[in-house]
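Open the model in your viewer and keep the selection tool ready. We will go stop by stop.

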Amino acid sequence: MVLLLNRRITLSDVALKAGVSRATASAVLSGKAGKGIRVSEDRMKDVIAAANSLGYVPNTAAQHLKKGDDNHIIALFTYENIFPSDYGSEYYHFFLGIQQEAEREDYDVLILNNWARDKSRSSRIRLASGAIMIGVNRDDSDIRALIRQDFPLVFVGRRDIGESLPIHFVTFAYKEAVTEIIELVSAKANGSISYVSSCFSSAEPSADKSYYLHESAEKRGIEVVDIVVSDSLSDDDIRTVLSSSVVIFDRLFIADLFKSAFMARGIVPGRDIFGAILEDDWMNTHSEWTRWENRRSELGALSVRYLVSLLSGKEMIPEEIKIPIIESQSTLGV
């Protein structure tokens with residue numbers, strides 16, 4: 001799935017606006033005017049003015065392809081305070097899929113972590129032919145600069161950085177999975193469900209899950225009671241969830257916040273409360289909750305195939321990765 005918010009300005013657009021041939025525009029903007037190709041000073045000014053007014057930036061991927069100097073290096077770039085190959089990291093399986101697919105495509109992986117906000121680190125991304133961005137933290141000004149310069153970049157997960165810039169990303173089929181989970185809990189809902197999200201989970205994937213949950217519940221005449229929590233629960237949060245017939249958590253760590261409250265009151269999922277978690281159990285610690293399968297490696301691999309297609313000049317339209325539901329006691333019952 002790719003979101004193209006605005007058509008990229010091409011060299012032909014610049015040539016048309018300047019009233020010159022494409023070859024002349026190319027010569028001026030590549031610095032070759034006067035070196036085998038004669039261009040008058042007025043024409044040079046027209047081309048430069050047209051390029052500036054249109055916001056033209058050279059297609060660096062196409063330049064690499066034309067010169068045959070693709071160095072076969074993919075950058076794996078993150079602002080997260082983690083090293084993505086750490087098995088205990090939620091990004092580990094994404095990294096595994098990226099690494100394995102890059103090897104199949106004959107690309108090396110350069111890992112860049114910019115947690116320290118050292119701008120020289122982000123500049124090292126240009127050592128690679130293109131980059132894959134993982135994690136929810138990011139510096140949109142850096143990302144916008146890379147995209148304006150036509151640096152090939154693919155996000156793992158939908159992202160929106162504004163300014164009508166073309167965004168390339170791969171994502172899970174959230175709509176299908178969330179709809180299936182709402183179908184599973186609808187018989188127990190008694191007309192309403194509690195949906196618990198975190199004030200710290202404002203990234204686009206969480207927004208997508210919330211949208212599809214509300215859409216699916218509304219179609220079934222189910223009211224959604226939204227509960228937004230921080231890293232500590234209020235008494236109202238606990239009371240609202242405990243009074244719910246069905247509760248759906250956006251993330252694993254949010255369900256964990258309520259674990260002690262459930263245990264203290266003898267609440268058993270599938271007996272006293274029904275529901276699900278809108279995430280895969282990458283920690284292997286939430287087997288009692290209905291959730292979806294861990295397909296992170298597949299999504300990581302898809303991001304590599306998509307990036308390689310951009311580098312080859314043959315852009316693919318990636319399909320969303322399906323995430324089958326694992327139904328457990330929280331919806332099946334005890």
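**Stop 1: Confidence**

Contact means heavy atoms within 4.5 Å. Now select residues 65-69. Here too pLDDT stays under 50, with five contacts beyond four places in sequence. For the protein chain, the mean pLDDT is 87, and 88% of residues reach 70 or more.

This is a predicted model, so local features need pLDDT of at least 70, side-chain atom pairs count only at pLDDT 80 or more, and totals for chains, interfaces and linings use all residues. Residues are numbered from 1 along each chain as its sequence is written, and side-chain values use heavy atoms, leaving out hydrogens and water.

**Stop 2: Helix α3**

Select residues 41-54. This is helix α3. Helices (H or I, at least four residues) and strands (E, at least two) are DSSP runs, numbered from the N terminus. The expected span of a helix is 1.5 Å times one less than its number of residues. With 14 residues, α3 should span 20 Å, and its end C-alpha atoms are 20 Å apart, which agrees.

Which residues of α3 are buried? Colour V47, A50 and A51. Buried means under 20% relative accessible area, exposed over 50%, and partly exposed in between (1.4 Å probe, protein chains only). Turn to the face away from the buried side: it carries exposed E41, D42, K45 and N52. Next, click G55, which follows α3 and has a positive phi, near 75°.

**Stop 3: T78**

Go to strand β2 (residues 73-78) and pick T78. Is T78 buried or exposed? Its relative accessibility is 1%, so T78 counts as buried. The T78 side chain reaches the backbone nitrogen of E80 at 2.9 Å. A polar atom of that side chain also lies 3.2 Å from the backbone oxygen of I134. Beyond four places in sequence, T78 is in contact with L112, N113, N114 and I134.

**Stop 4: S198**

Finish at strand β7 (residues 192-198), where S198 lies. S198 is buried, at 5% relative accessible area. Its side chain reaches the backbone nitrogen of F200 at 3.0 Å. Show V228, V229, F253 and I254 too: S198 touches them, not counting residues up to four places away in sequence.

How values were computed: Polar contact = N/O pair within 3.5 Å; in protein donor to acceptor, adjacent residues only side chain to side chain. pLDDT = per-residue confidence, 0-100.
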